[in-house]
Amino acid sequence: MKIGIDQIGLFTPGQYVDLVEVAQARGVDPNKFTIGIGQDRQSVPGLTQDAVTMAANAALDFLTAEERDQVELIILGTESGVDNSKAGALYVQHLLGLNQWSRAFEIKEACYGATAGLQMAADFVAAHPDKKALVFGSDIARYGLATGGEVTQGAGAVAMLISANPRILALNNDSVYRSQSIQDFWRPVYSDIAFARGHYSTNQYIDFFQKVWAKYREETGHTLDDFKALCFHLPYTKQGLKALRKILPETNVDHQQSLLHYYDESIQYTRQIGNIYTGSLYLGLLSLLETSTSLAAGDTIGLFSYGSGAEGEFYSAELQPGFEEQLHGETHQQMLANRRQLSVPEYEKVFSEELPTDGSAYKADTSNEKARFYLAGIKNHERQYRDHLRGNEDAGAESAPDEPIA
Ligand code: HMG
């Protein structure tokens with residue numbers, strides 16, 4: 001039985017900043033950002049979008065009424081969680097009106113979370129072929145203004161429906177994974193910005209890739225020649241290229257050129273959005289599928305997932321007949337084109353606005369928020385989620401009795 005990605009959707013907030021302008025403001029040669037790092041634009045989330053709303057918005061691309069009932073597993077991979085106890089997946093379940101006879105929870109291991117969710121979902125479907133799973137990778141990448149990591153920020157979410165007989169990509173069940181406790185990147189619970197040993201993290205990413213790739217070759221007998229394209233976790237688009245270049249000499253010059261061509265197609269969305277952490281590898285996959293005109297059913301795609309801390313996994317998947325018809329390329333191109341450009345001072349202002357952390361109530365300015373699901377504020381320590389279609393009622397949870405909160 002084939003199991004894999006049946007549907008895939010994308011959301012990114014409606015504002016961006018141009019990284020040439022950020023480079024100029026920071027006194028940096030713009031080529032460092034656009035060529036050295038490989039980023040052009042960066043999505044800038046206001047306070048009306050968080051890991052929950054972005055995940056729910058990403059599923060709108062494909063979710064049908066029938067699928068809402070068939071989903072029995074809901075996994076939110078995120079490292080930008082909104083609560084230390086309740087899973088964001090439950091808010092997502094409520095926003096999207098998903099089946100309540102389901103398991104819903106949140107998973108964390110830096111950018112690896114969505115891959116952990118995907119593999120768990122595939123195992124779930126293998127055990128229950130008539131059931132489906134929804135896996136989300138949703139994050140806001142924040143390092144701070146004028147920091148080394150600033151150019152690698154971003155925000156967005158990918159939603160994936162995992163099922164038997166998938167219409168897009170069938171997993172080949174050949175994962176090779178490795179985990180090891182290292183301090184390359186982390187975010188303490190008291191901080192909303194990440195800390196990174198930037199160059200160390202870059203080298204660890206490559207080291208993990210080389211190790212899992214070597215073991216993958218050894219265990220499966222496959223070589224680079226067996227792959228039409230490789231997709232990478234993309235903290236910034238130069239990072240995947242650095243990894244790819246390490247193994248390119250294993251194949252002939254023509255195939256090297258072809259792999260570089262597909263790599264270029266896989267980074268188009270990330271160049272515009274930035275790092276979306278858990279969803280990043282799948283943003284690359286989506287970019288490849290929606291940009292390329294020369295992929296065909298039966299092609300094998302390799303996927304490398306990396307989460308700092310750290311965990312790496314390489315696996316392969318096969319494109320399914322008619323996969324093109326399941327994609328939403330035009331919608332995604334429009335979503336990117338319709339974003340509002342912020343000047344650098346505007347971006348800095350938006351970046352510096354934070355939700356209160358002392359328990360006080362907050363009402364967000366929602367006048368510019370066009371996404372269907374958004375955060376309207378905080379009241380009684382509870383996030384007030386809204387659905388444009390449902391007006392002013394709380395869309396994130398059942399209404400609760402009016403009782404003093406202990
Ligand atoms: P930096 O020190 O600002 O940049 O940090 P640099 O000096 O290393 O330069 C970057 C590249 O630009 C270099 O190319 C330069 O040569 C080039 P490279 O040698 O790397 O090929 N360059 C130029 N090119 C053209 N024209 C110029 C020019 N000047 C320089 N004029 C760094 C860069 C990525 C380290 C920093 O932005 C950072 O710390 N980012 C955050 C951490 C990060 O993204 N790490 C990636 C690996 S870890 C990971 O993927 C996990 C993660 O997603 C988190 C998670 O798992 O949750 C981050």
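This is a predicted model: local features need pLDDT of at least 70, side-chain atom pairs count only at pLDDT 80 or more; totals for chains, interfaces and linings use all residues.
Visitor: How many residues surround the ligand?
Guide: Start with the closest ones, which are Glu79, Cys111, Gly148, Lys238 and Lys242. Sorted by class, the shell has 10 nonpolar, 14 polar and five charged residues.

Visitor: Which residue has a polar side-chain atom 2.4 Å from an oxygen atom of the ligand?
Guide: Let's go through a few polar atoms around the ligand. Cysteine 111 uses a backbone N or O atom, 3.1 Å from a ligand oxygen. Histidine 233 uses a side-chain N or O atom, and there the distance to a ligand oxygen is 2.8 Å. The 2.4 Å distance belongs to lysine 242.

Visitor: What percentage of the ligand's accessible area does the protein cover?
Guide: On its own, the ligand has 1100 Å² of accessible area.

Visitor: Which element gives the most residues to the shell around the ligand?
Guide: The elements that give two or more residues are α2 (30-37), α7 (198-220), α8 (237-247) and β13 (300-307). One of them supplies five residues, the most of any, and that is α7.

Visitor: Is glutamine 7 buried or exposed?
Guide: Glutamine 7 sits in strand β1, residues 3-11. Its relative accessible area is 5%. The cut-off for buried is under 20%, so with 5% glutamine 7 counts as buried.

Visitor: Which side chain makes a polar contact with the side chain of glutamine 7?
Guide: Beyond its sequence neighbours within four places, glutamine 7 is in contact with several residues, among them Phe62, Glu67, Arg167 and His328. Isoleucine 168 is also in contact with glutamine 7; the two are 161 residues apart along the chain, yet their C-alpha atoms are separated by 6.7 Å. The side-chain polar contact, at 2.8 Å, is with glutamine 326.

Visitor: How many of the residues in strand β6 are buried?
Guide: Take the two faces in turn. Lys132, Leu134, Phe136, Ser138 and Ile140 are buried on one side, and Ala133, Val135, Gly137, Asp139 and Ala141 are buried on the other. For β6, residues 132-141, that gives 10 of 10.

Visitor: Which strand runs antiparallel to β6?
Guide: β6 runs parallel to β4 (residues 71-77), joined by six bridges, and glycine 77 has glycine 137 as its bridge partner there. Nine bridges join β6 to another strand, residues 154-164, and in that pairing alanine 133 partners isoleucine 162. That antiparallel strand is β7.

Visitor: What is the phi of alanine 146?
Guide: Alanine 146 lies in the loop between β6 and β7 and is exposed, with a relative accessible area of 55%. Most residues other than glycine have a negative phi. Alanine 146 has a positive one, about 60 degrees.

Visitor: Where is asparagine 380, with its positive phi near 55 degrees?
Guide: Asparagine 380 is partly exposed, with a relative accessible area of 47%. Its place is in the loop between β17 (373-379) and β18 (382-387).

Technical notes
Residues are numbered from 1 along each chain as its sequence is written. Side-chain values use heavy atoms; hydrogens and water are left out. A residue is near a molecule or strand if one of its heavy atoms lies within 4 Å of it. A polar contact is a pair of N or O atoms within 3.5 Å; within protein, one must be able to donate a hydrogen and the other to accept it, and residues adjacent in sequence count only if both atoms are side-chain atoms. Accessible areas come from the Shrake-Rupley method with a 1.4 Å probe; for residues, only the protein chains shown count as cover. Helices (H or I, at least four residues) and strands (E, at least two) are DSSP runs, numbered from the N terminus. Ala, Val, Leu, Ile, Met, Phe, Trp, Tyr, Cys and Pro count as nonpolar, Asp, Glu, Lys and Arg as charged, and the others, Gly among them, as polar. Buried means under 20% relative accessible area, exposed over 50%, partly exposed in between (1.4 Å probe, protein chains only). Contact means heavy atoms within 4.5 Å. Two strands pair if DSSP finds at least two bridges between them.
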